[in-house]
Structure formats: C-alpha cells, structure tokens
Amino acid sequence: MSTLAYIIIFTTLGSLLAIGGAAILLTKKQLSHAVTHGLSAFAAGALLGAAFLDLLPEAFHHFEEMGVEEVEVQVFMYVLAGILLFFLL
C-alpha cells in the first residue's frame, strides 16, 4: 500500500474519532465539564511541545553561528527563563 493511501486512511480514521468524541461531549454536559479542563491543558502542552521541538534546533544553530561557548546551556537557560516568566504572568 502506498504512503498516500496510509495518509488518507489514518486521516479519515482520526477525523471520525474526533467527531465521535465531540458528539459524546456535546450530548453529555456533565462529562463535558469534567473533561474540558484536562483536554485544554493537554492541547496547550502539545502546542508548546511542538513549538519547542521546532524552535530549539534553530536556536542551537543560531548560537553556534555566533560562536557562543556551551550552546546547549545558553539555549536551555533562555527556554527555562521563558517558561518561568510565562507561568508567573
């Protein structure tokens, strides 16, 4: 089976599961209130994780071009400071 066929099958399957989950949450109000906070936190974490996984290699490359020693330590200190500032705000 080709890669395109796998993409179409799993995209359709994921879409149907998402619609089914949304339908369950829309019909059961009490369950919706219980689950919404956890799903919102998960979505925010997933977006932050994807952003950092995309941005950290670029930051390493940028600091290496500048000739900064201990590149990983510098980058992770900036990331840690940003996360702490975000949570404090």
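**View 1. A43 on helix 2 of the predicted model.** A43 is partly exposed, because its relative accessibility is 36% (buried means under 20% relative accessible area, exposed over 50%, and partly exposed in between, with a 1.4 Å probe and protein chains only). The residue belongs to helix 2, helices being DSSP runs of H or I with at least four residues, numbered from the N terminus. From A43 to E69 the C-alpha separation is 35 Å, across 26 residues of sequence.

The model is predicted: local features need pLDDT of at least 70, side-chain atom pairs count only at pLDDT 80 or more, and totals for chains, interfaces and linings use all residues. Residues are numbered from 1 along each chain as its sequence is written, and side-chain values use heavy atoms, leaving out hydrogens and water.

View 2. The axes of helix 2 (residues 29-66) and helix 3 (residues 71-88) come within 9 Å and cross at roughly 135°. Helix 2 is therefore oblique to helix 3 (angles under 35 degrees count as roughly parallel, over 145 as roughly antiparallel, 65 to 115 as roughly perpendicular and the rest as oblique).

**View 3. L13 in helix 1.** L13 is found in helix 1, which spans residues 3-27. L13 counts as partly exposed because its relative accessibility is 43%.

Key:
Helix = DSSP H or I, 4+ residues; strand = E, 2+ residues; numbered from the N terminus. Axes fitted to C-alpha atoms, helices over the stretch in contact; angles between N-to-C directions.
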